[in-house]
Amino acid sequence: MAHAASSEEAISQTFPNVTGNIITRLGYNGDYQAEAPRIEANDVFLQVIASPIFHFSDRLRFNTELRVETVAPPNVNRAFDDEGLFARILQLEYDLSDQFSVHAGKMTPSFALASFVTPGMFGNSYSKEIELIDRVGFGGSYRFGDDTRGHHTLTFNTFFKDTSVFSESFGSNRGRTSIEDGGASNTEGFDSFTLSLEGRDMDRFPRLTYKLGLIHQGRGVDGVADETGISASLLQTFQTAKGNSWSLIGEFAAFDNFEGTADNIVYASAGLVYQTGPWTAVLSGTWRPRNLADGSNFDDYSVQTSIEYDLGKGYSVALAHEFNRDENLDNRRLGLRFSKVIELDG
């Protein structure tokens, strides 16, 4: 569950209160040596991700994620154009007990892990394609384990693609999703679901996080079959004697009838993260072999390197480079970010 606060966390303030954070980024992306029909363009933009959690009691909360960002890819050089405000998460959550919780609303159903945890500016270029954004539904979570066996969460969600006014954006409008647009889970019925199991803090596997996922998405009006998929993810962190850390990330996800088509696609992602003092260096990539319904076969991949420096007081600056191949077309891009994180302390 995105942005869910565990009932085990003590909130010292009186209710209601607000926690979460706001991330603001001033960014630049520059595509170069792009093969047609890719566009070589410079893009300067502002991104704001506000994720406040409104706690009405120790059991009831409202999880949100509001974004300001570009809602269309660049086709010419641009600066602060095509920016739109939209809601990515509007989810009410209630703890029935210390172990059980239920939630409903606009959500990002729990499935894979890499697109959320891989650092680096372009670390999720391909893996974010399997994020289940703009879904509406409900679900529940069961938490179990202890400090010895680890803490584990089993989550179930059923959902469909958002076709309400909340699928639009204010400012530059990305347009309202319609059921006629088709696509996986665009059915306006609860015939799509995910099931995931996530765990961490196990004595036998210190600093290891795992996640297993199962997905079924009903086909839309243009679909040929329902989508099914699985995912398996691992995140392992090692601490050195000098206080530095290494993190290894791996994920495998495979889909039949991806997005309701007859295409079969695999996403295999890996990442290596090194942190020392204020510096974070990342090498990551995703391999995306695709067997398409028209007989085409592509071995797409993306490789990115990035380095980030923590300036303190929530400020940071990062530089990155990506090489990707998409349908046998090569593209390179540079990225620069200046970021500020504001913590909402309740």
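A residue is called buried here when its relative accessible area is under 20%, exposed when that value is over 50%, and partly exposed in between. By this definition, 44% of the 346 residues of the chain count as buried. The model is a predicted one, and what follows should be read with that in mind.

The chain contains one helix and 18 strands. Its radius of gyration is 20 Å, close to the 20 Å that the globule rule gives for 346 residues, so the chain is as compact as a globular protein of that length. Along its principal axes, the C-alpha trace spans about 55 × 50 × 45 Å. Of the contacts with a separation of 6 or more, 57% are accounted for by residues 24 or more positions apart.

Turning to the interior, nonpolar side chains tend to be buried together in soluble globular proteins. In this chain the largest nonpolar core has 12 residues, among them Phe111, Leu132, Ile215, Phe255 and Tyr267. Strand E13 (245-256) and strand E14 (264-276) each supply at least two residues of this core. Which residues does isoleucine 215 touch, leaving aside those up to four places away in sequence? They are Phe111, Leu132, Phe193, Thr194, Glu227, Thr228, Gly229 and Phe255, and of these, Phe111, Leu132 and Phe255 are listed among the residues of the core.

Phenylalanine 15 and proline 16 are joined by a cis peptide bond, with omega at about -5°, and proline 16 is found in the segment before strand E1 (17-32).

Aspartate 82, although it is not a glycine, has a positive phi of about 60°. Aspartate 82 sits in the loop between strand E4 (78-79) and strand E5 (83-95), and its relative accessible area of 31% makes it partly exposed. Glutamate 327, likewise a residue other than glycine, has a positive phi near 55°. The loop that holds glutamate 327 runs between strand E17 (315-326) and strand E18 (329-345), and with a relative accessible area of 39% glutamate 327 is partly exposed.

Conventions: Residues are numbered from 1 along each chain as its sequence is written. This is a predicted model: local features need pLDDT of at least 70, side-chain atom pairs count only at pLDDT 80 or more; totals for chains, interfaces and linings use all residues. Side-chain values use heavy atoms; hydrogens and water are left out. Helices (H or I, at least four residues) and strands (E, at least two) are DSSP runs, numbered from the N terminus. The radius of gyration is taken over C-alpha atoms; the globule rule is 2.2 Å times the number of residues to the power 0.38. Buried means under 20% relative accessible area, exposed over 50%, partly exposed in between (1.4 Å probe, protein chains only). Contact means heavy atoms within 4.5 Å. A nonpolar core is a set of buried Ala, Val, Leu, Ile, Met, Phe, Trp, Tyr and Cys residues joined through side-chain atoms within 4.5 Å.
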